[in-house]
Amino acid sequence: MKYTGDWRIDEMDLWEADYLNMEVEAFISIDERGDGRFQFGLVSGYIDGEVIQRKTETRLEFTWEGNDECDEAAGSGWLQLRDDDTLEGEIKFHGGDRSSLIATRIKKQ
């Protein structure tokens, strides 16, 4: 699956890099089933994803559950490949904020 791997979140439209990377380098990690986990700032969660094929595009759509500053949080989102090493997408908090994001593949050394 093209989305499998570890990705560094480089940009989000609602938060600056200082917040994104305050505890760990902001990331999304996706396994071959489309599931995974993520963390940016004080937000972390587990992803339940599925690759969806539309007429002109393919993307990974997901729901997530986790924490936002120790409070339970949940939402949904999507990721789409710009190219082999770049994702663009959106993460939404149930009943709250929505932010676009850009992430780059973390190369294994």
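**Strands, turns and contacts**

Visitor: How many bridges join β4 to β5?

Guide: This is a predicted model. In it, 11 bridges link strand β4, residues 43–53, with strand β5, residues 58–68. The two strands run antiparallel.

Visitor: Which residue in β5 stands opposite Val43?

Guide: Asp68 does.

Visitor: And how many residues lie between β4 and β5 in the hairpin?

Guide: There are 4 residues between them.

Visitor: What about β5 and β6, how many bridges there?

Guide: 9 bridges join β5 to strand β6, which covers residues 71–83. That pair is antiparallel too. Glu61 has Trp78 in β6 as its bridge partner. The hairpin of β5 and β6 has 2 residues between the strands.

Visitor: Is Cys70 buried or exposed?

Guide: Cys70 is exposed, because its relative accessible area is 75% and the cut-off for exposed is over 50%.

Visitor: Zoom out. What do the strands form?

Guide: A closed barrel of 8 strands. The order is β1-β2-β3-β4-β5-β6-β7-β8, with antiparallel pairing. From one strand to the next, the twist averages 30°.

Visitor: Take the β1 end. How does β1 pair with β2?

Guide: Strand β1, residues 5–12, pairs with β2 in the antiparallel sense over 4 bridges. Trp7 has Ile28 in β2 as its bridge partner.

Visitor: Then how many bridges join β2 to β3?

Guide: 4 bridges, with β2 and strand β3 (residues 36–40) running antiparallel. β2 and β3 form a hairpin with 5 residues between them. Gly34 sits in the turn with a positive phi of about 95°.

Visitor: Which way do the β2 residues point?

Guide: Phe27 and Ser29 point one way from strand β2, residues 27–30. Ile28 and Ile30 point the other way. All of these are buried. In a regular strand, side chains alternate between the two faces of the sheet.

Visitor: How many bridges for β3 and β4?

Guide: 5 bridges, again in the antiparallel sense. Arg37 stands opposite Tyr46 in β4.

Visitor: Switching to aromatics. How many aromatic pairs are there?

Guide: The whole structure has 6 aromatic pairs. One aromatic cluster is formed by Trp15, Tyr19, Phe38, Phe40, Trp64 and Phe93.

Visitor: And which ring does the charged end of Arg59 sit over?

Guide: The ring of Trp78. The distance to the ring centre is 4.5 Å.

Visitor: Tell me about Gln80. Buried or exposed?

Guide: Gln80 lies in strand β6. Gln80 counts as buried because its relative accessible area is 15%, and buried means under 20%.

Visitor: Which side chain does Gln80 make a polar contact with?

Guide: The side chain of Glu57, at 3.4 Å. Leaving out residues up to four places away in sequence, Gln80 touches Tyr3, Glu57, Thr58, Arg59, Thr86, Leu87 and Glu88.

Visitor: Next, where is Glu90?

Guide: In strand β7, residues 86–93. The side chains of Glu90 and Arg98 are joined by a polar contact of 3.1 Å. Setting aside neighbours within four places in sequence, Glu90 has contacts that include Phe62, Trp78, Arg98 and Leu101.

Visitor: Last one, Gly66. Which strand is it in?

Guide: Strand β5. Gly66 is buried, with a relative accessible area of 16%.

Visitor: What separates its C-alpha from that of Gly45?

Guide: The C-alpha atoms of Gly66 and Gly45 are separated by 3.8 Å. The two residues are 21 residues apart along the chain. Not counting residues up to four places away in sequence, Gly66 touches Ser44, Gly45, Asp71, Glu72 and Ala73.

Methods:
Residues numbered from 1 in each chain as written. Predicted model: local features only at pLDDT ≥ 70, side-chain atom pairs only at ≥ 80, totals over all residues. Heavy atoms only, no water. Phe/Tyr/Trp six-rings, centres within 6.5 Å; stacked < 30°, edge-to-face > 60°. Lys NZ or Arg CZ within 6 Å of the ring centre and 35° of its normal. Pairing = 2+ DSSP bridges. Buried < 20%, exposed > 50% of the residue type's maximum accessible area, 1.4 Å probe, protein only. Polar contact = N/O pair within 3.5 Å; in protein donor to acceptor, adjacent residues only side chain to side chain. Contact = heavy atoms within 4.5 Å. Axes fitted to C-alpha atoms, helices over the stretch in contact; angles between N-to-C directions.
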